[in-house]
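Subject: The structure for you to look at

Hi there,

Here is the structure I promised to hand over. Please open it and have a look around before you read on.

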Amino acid sequence: MGKHVLVIEDEPNIIEAISFILSRDGWTVATHSNGHDAVDVVRDKSPDLVILDVMLPGKSGYDILTELREGEATRDLPVLMLTARGQSKDRDLAERIGASRFMTKPFSNAEVLEALRELVPQ
Amino acid sequence: MGTLNILIAVCLGYVALLFLVAFMAERAALRGRAKWLRSPFVYTLSLSIYCTAWTFYGAVGFAARSGLEFLTIYIGPTLVMIGWWWGLRKLVRIGRTQRITSIADLISSRYGKSPLLAVFVTLIAVIGTTPYIALQLQSVTLSFASFSANADEAGQLGDHDATALWIAAGLALFTVLFGTRNLDANERHHGVVMAIALEAVVKLFALVAVGIFVVWGIGGGLSATLDRIDASAIGTWQVPDGRWAALTLLSAAAFLTLPRMFQVLVVENEDENHLRTASWAFPAYLMLMSLFVVPIAVVGLDLMPEGANPDQFVLTLPLSQGQEGLAMLSFLGGFSSATSMVIVAAIALSTMVSNHIVMPIWLRLAEGGAMISGDVRHVVLLARRLSIAGVLALGYLYYRFSGGGEALAAIGLISFAGVAQFLPALMGGIFWRGANRVGALAGLTVGFAIWAFTLFLPSFGPGVFLPETVFEAGLFGNSWLRPEALFGITGLDPLVHSVMWSMTLNTAVFILLSLLTFPQPLERLQGAQFVNVFQHTGNPQGWSGGVAQAEDLMVMAQRILGPVEAQSLFQRAATAQGLAGYLPDPTPEFLQMLEREMSGSVGAATAHAMVSQIMGRATVSVEDLLAVADETAQMMEHQSQLEAKSAELTRTARQLRAANDKLTQLSVQKDAFLSQISHELRTPMTSIRSFSEILRDAEELGQEQLTKYANIIHQEAIRLTRLLDDLLDLSVLENGQVNLNIQRGSLTALLDHATASTGVSGAGLRIHRRGLDLDVEMETDLDRLSQVFINLIANAKKYCDAPRPELTIRVAQRDNYLVVDFTDNGSGVPRDKQDLIFEKFARVSDQKAGGAGLGLAICREIMSRLGGAITYLPGQGGASFRVTLPMRMRQAAE
């Protein structure tokens, strides 16, 4: 049984892609596709790692991350942020509020897997 | 008997002629064809109402009793006409500019439009004129009597009172008919004036005819008559100097102040230039009237039996010689004199009584009613008619109860002395700005009281109004208050005594109180208007030079124009005048220029008033002030305009702020544009890259997965292409580089096509079509319009969140425009987003619906290109978009 990863992303195709490559790499993948209750879902499932999109319906990835960092249980949870908005100010913002890693779309599958392995030692 | 009947017939015929003349003149005036009515000679002849029956008959009597004293009655007006016609011109000018209707009106108007003064003057005028009217009635009655006495038909006419009554009634009728026919603003009576002019000719002709008859027919020629005069006592009678002066003054004063004279002189005046002619023609008329007075008197005294009334010589001399025709003419002359005087006096008095007594009372009684109904005209006419009847009734009653007789002979002068009391107030009013209401009122009161006490009441004789004791011991036993020896001064002629005291004290009190009291603002304004009437009407803007202080003007100009501009203006003017330095001579040209310059800043009236003040004419005229008031009104209007502007500015500011807010929002949006483009491009590319890597790296994929992932890559590539297409499309539309393909087509077909191509028929979204069933032909770019329709239908399909989504497409035609509404039954676009949805990437909902947020932006651009518009229609239940477009797109709009 691999480590648990929760993918919070609203693009079905991207969910599909990430699920495929992570499953193949041995992760147990759960997905969630909106921002409203994303924080609850994280607390509920207590994954080992979260892949968080920035542009989500209901609540942005930044807000979700901020809330997670405020919560006792999720303060140190590794979070990999993905965004299609690849400007440096987005990266700065993400790092300031405590993203473990920040990657812009489109990403290379290998880069993602490598980042995950760094964040959660197997 | 026959004579008397003829006399009555002639009388009636003459009256009928007068009616006819008056009627024709009225008609001619009404048609504006009455050029001859406006002759200065008609005006001059109308002035001859000065010569009443008292003058016609009485002058001879006067001469027979007092010698040349009668001449004073002619000298006074002659002096006024010749020596003072410019003063009359001022009076006439004031009358015209102030729309004066009577002497009471003039005095009241001058002194702050005082109603009290108007009533007072009216009362004095009525009291002073009533005996005079009675005198006319008496003279006509006496002349009738003379005829009957001569024809030995005494008693045939019934008593004198009845004659007088009939005459009074007839005159009242005539006056009502022609004196109150209309209510002209200027109160002119063409018919009456014409009739009077005719009567003037008749009486002059009659008197001259009698005179010629007396001199050449009876007197035996000119030299014989002159000898006769030399032989008579008349030539040697000495007239006391005081009486000469007093009588001349009186007649001059009365000429101006008698209500009837004021009526013809001022109110009926058509053209002030007529005064030029009248200034010599009227004295000439008077001279002719007086030419034969002495001969007739002398011959009459010689030939008529002892005790014959010299007042009737004009009539009785021809009669005694058997000249009935001439006597008839003479009678008509006297009749003319009497009637013309009574008619005009009645008009003048009735105007005063109705305007200043009846109307104010009626208006007060009617309270708001009069104002509401607004029809005061008939009330005024009725008041005038009643007043005319009243005035004549008073005259008749006075005649009845004063007992007639000799006492009446002096009434003319008593009347003169009464109305002469108006003189100080009148003269002061038009020549002295310091004159004020209190002074006028007090002067009039004092003058009138003294006149009444020393002349009017005593004229009835002791015991009628004033007890005998008053004559002997004075009022309340005060010996200095004796009517004919006021303040203990005895030995004077009663008339001279009265005139001296009343006029002196009247004038003194008037001046003194005017100096001691302050006029009200309105009085000041009216005073300036009256006294300066020529300056304002004649040459309103002109400056006649004068000594002005250039430096003061400079100081003022600097204050208004600013130092730099004022100095350069003055310097330029000085240079133009060939002077060095900054101070030009205050020539009229310069002052006018200065006024013009200043009026640019402060308005013409204020500028004029300011320059006036510095020019030493501290007189700010009413017109000036009114103009200032006008400017104030203008300023208020400007202010309201400013307020409107301010409101507009506020509105603009609000709009700007709104625009700014929107811009800020748009700026955020634009700022996000790259970010958005990036996102929209990167998202499909993410899937493509990720899956292409999966496909590349993975060996263990099944066919199913292979196909699925390849499809995803394909989809996303298409999505990417569509996005790029949209961006390019929008860019082309925004830059206006789009080529439109205008075609004819039907709206229904277009909507059918749009519905079909969104693939919504049947499944999911239900579409209803409402409105125009007929197939509307239109001419536009059908493909582009279709693109808009498809977009709207697709949006409804994507975003309508109702459980059973429905879209209603409603078509309507407004003039040359088609209106197509697309309304769904979802939750609609939130209020705060409605303004933004047409902007690029402005997606309202968070859910991914496949679009890049460019659809509505493209629709907006398309509709704008097609000469129409697309707007969000709030309040329709769900999301509602209105597409409006012209039925026939004009290529020229491109």
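This is a predicted model: local features need pLDDT of at least 70, side-chain atom pairs count only at pLDDT 80 or more; totals for chains, interfaces and linings use all residues.

**Chain A**

Chain A has 122 residues, and 51% of them are buried. Its secondary structure comes to 5 helices and 5 strands. Taking contacts between residues at least 6 apart, 60% join residues that are at least 24 apart. As for the surface, chain A exposes about 5,200 Å², and carbon and sulfur atoms supply 45% of that area.

**Where the two chains meet**

How many residues of chain B are in contact with chain A? There are 26 of them, and they touch 24 residues of chain A. The two chains bury about 2,200 Å² between them, with 53% of this area coming from carbon and sulfur atoms. Three residues to look up here are His679(B), Arg682(B) and Thr686(B): they supply 22% of the area that chain B buries against chain A, more than any other three residues.

There are polar links across this interface too. Between chain B and chain A, 9 residue pairs are in polar contact, counting pairs with both residues at pLDDT 80 or more. The count of salt bridges between the two chains is 2. In a salt bridge you can find for yourself, the side chains of Lys708(B) and Glu16(A) meet at 2.8 Å, N to O.

Which helices of chain B supply at least two residues each to the side that touches chain A? They are helix 31 (622-697) and helix 32 (703-735). Helix 31 of chain B gives the most to that side, with 14 residues.

**A patch on chain B**

Leu17(B), Leu20(B), Phe23(B) and Met24(B) form a nonpolar patch on the surface, and together they have about 370 Å² of accessible area. One of these residues, Met24(B), is found in helix 1 of chain B, which covers residues 2-30. Why does Met24(B) count as exposed? Its relative accessibility is 52%, and exposed means over 50%.

Best wishes

Key
Residues are numbered from 1 along each chain as its sequence is written. Chains are lettered from A and ligands numbered from 1 in the order in which they are written. Side-chain values use heavy atoms; hydrogens and water are left out. Patches are made of residues with over 30% relative accessible area and no salt bridge: like charges are joined within 9 Å, nonpolar side chains (Val, Leu, Ile, Met, Phe, Trp, Tyr) within 5 Å. Accessible areas come from the Shrake-Rupley method with a 1.4 Å probe; for residues, only the protein chains shown count as cover. A salt bridge is a side-chain nitrogen of Lys or Arg within 4 Å of a carboxyl oxygen of Asp or Glu. Helices (H or I, at least four residues) and strands (E, at least two) are DSSP runs, numbered from the N terminus. Buried means under 20% relative accessible area, exposed over 50%, partly exposed in between (1.4 Å probe, protein chains only). Contact means heavy atoms within 4.5 Å. Buried area is the accessible area (1.4 Å probe) that two parts lose on being put together, summed over both. A polar contact is a pair of N or O atoms within 3.5 Å; within protein, one must be able to donate a hydrogen and the other to accept it, and residues adjacent in sequence count only if both atoms are side-chain atoms.
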